[in-house]
Amino acid sequence: MRKVDIELIATQVTSTFTTPFKLSFWVALFIAIPYVLYQVWAFVAPGLYKHEKRFAVPLVLSSIVLFYIGVTFAYFFVFPVMFEFFAATGPQSVAIKI
């Protein structure tokens with residue numbers, strides 16, 4: 001196996017400080033999305049009629065499942081195409097370091 005030297009480049013003064021916080025926030029939101037959607041529903045539900053509330057379980061469950069399906073689709077299908085496009089259309093004078 002070939003050893004690959006990877007070098008991170010900070011483009012802003014505060015990026016080395018804020019990057020771990022941003023990553024932690026997005027990972028926590030990804031994990032907590034079922035609870036967040038439930039809390040949104042718990043806020044909205046008291047203002048609905050009884051016949052409207054019967055959609056609660058299918059709505060919450062489908063929202064959670066569709067969110068994770070969307071994330072998976074973006075990760076495996078959209079991001080590779082997008083990153084390849086950006087790498088191919090960049091100026092020749094810019095070296096992309098991976």
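**Basis.** I worked from a predicted model, in which local features need pLDDT of at least 70, side-chain atom pairs count only at pLDDT 80 or more, and totals for chains, interfaces and linings use all residues. I numbered residues from 1 along each chain as its sequence is written, and side-chain values use heavy atoms, with hydrogens and water left out.

**Confidence.** I looked up pLDDT, the predictor's confidence in each residue, from 0 to 100. The chain average is 82, and 82% of the residues score at least 70. Helix α1 (residues 15-44) has the highest mean, 88, and helix α2 (residues 50-53) the lowest, 81. I took helices as DSSP runs (H or I, at least four residues), numbered from the N terminus.

**Helix α1.** The straight helix would span 44 Å, whereas α1 spans only 37 Å between its end C-alpha atoms. I then located a bend of about 65 degrees at A32, with the proline P34 following within four residues. The bend is the angle between axes fitted to the seven residues ending at a residue and the seven starting there. The buried residues of α1 (under 20% relative accessible area; exposed is over 50%, partly exposed in between; 1.4 Å probe, protein chains only) are S15, I33 and W41. Their cover includes α2 and α3.

Beyond its neighbours within four places in sequence, I64 is in contact (heavy atoms within 4.5 Å) with P34 and L37.

**Aromatic pairs.** I noted seven aromatic pairs in the structure. Rings of Phe, Tyr and Trp (its six-membered ring) pair if their centres lie within 6.5 Å; planes under 30 degrees apart count as stacked, over 60 as edge-to-face and the rest as tilted. F25 and W26 are edge-to-face because their planes stand at 75 degrees, with ring centres 5.0 Å apart. F25 is partly exposed at 49% relative accessibility, and W26 is exposed at 54%. F67 and Y68 are likewise edge-to-face, with centres 5.2 Å apart and planes at 70 degrees. F67 is partly exposed at 30%, as is Y68 at 24%.

Definitions and conventions: Helix = DSSP H or I, 4+ residues; strand = E, 2+ residues; numbered from the N terminus. Expected span 1.5 Å × (residues − 1).
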